[in-house]
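Notebook open, structure about to go up on the screen. I'll jot down what I look up as I go.

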Amino acid sequence: APEPPPVVEVVPAPPGPVVSPPPPPAPLSVPSTVLACRVTGESQVALHDVNAWEIEIANTGSAPLSDVRIWADLPAGVIHQHGRKLELRVGELAVGATHKATLRVIGGEIGVVTAKIQAVARETASQYTPAVLAITPPTD
């Protein structure tokens with residue numbers, strides 16, 4: 001003979017309002033640290049002439065940045081009075097703030113060269129931004 005189904009006891013709800021459990025806590029909001037870097041300027045310069053790259057960095061995150069610096073790694077085809085590895089100290093950069101700098105180099109060898117520019121802070125770093133320059137023969 002088949003087994004009888006188990007007996008389930010139904011208990012009435014206690015009197016009073018139904019209380020739902022509290023919602024889970026909201027996730028903590030962590031400030032974002034984002035440092036953007038943009039390089040503009042001429043794409044061509046004659047041999048031994050000066051080229052100027054305009055570098056603009058911006059704090060596009062939601063937290064202030066400290067110990068902000070701009071690094072430049074220059075290729076062999078350009079000349080700068082302080083060498084090929086350069087650092088400019090900017091300091092603090094508030095949320096939404098920007099900083100502009102000009103990097104002047106001399107075309108030292110005919111050809112196409114690429115400098116790597118990067119903005120860094122204690123909290124974060126930008127991607128490397130390429131600055132491409134074609135160095136052409138001088139025009140007399």
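Predicted model: local features only at pLDDT ≥ 70, side-chain atom pairs only at ≥ 80, totals over all residues.

Residues are numbered from 1 along each chain as its sequence is written, and side-chain values use heavy atoms, with hydrogens and water left out.

Entry 1, leucine 103. Leaving aside residues up to four places away in sequence, I find leucine 103 touching Asn51, Ala52, Trp53, Ile55, Ala72, Leu74, His80, Leu86 and Ile117.

A nonpolar core is a set of buried Ala, Val, Leu, Ile, Met, Phe, Trp, Tyr and Cys residues joined through side-chain atoms within 4.5 Å. Buried is under 20% relative accessible area, exposed over 50%, partly exposed in between (1.4 Å probe, protein chains only). The largest core has 28 residues, and Trp53, Ile57, Leu74, Leu103 and Ile117 touch the most other members. Among the strands (DSSP E runs of at least two residues; helices are H or I runs of at least four, both numbered from the N terminus) that each supply at least two residues of this core are β3, β7 and β8 (111-120).

Why is strand β3 largely enclosed by the rest of the structure? Because 7 of its 10 residues (50-59) are buried. Strands pair if DSSP finds at least two bridges between them. β3 pairs antiparallel with β1 (residues 35-41) over 7 bridges, and with β7 (residues 98-107) over 9 bridges, also antiparallel. I see threonine 40 opposite glutamate 54 of β3.

Key: Contact = heavy atoms within 4.5 Å.
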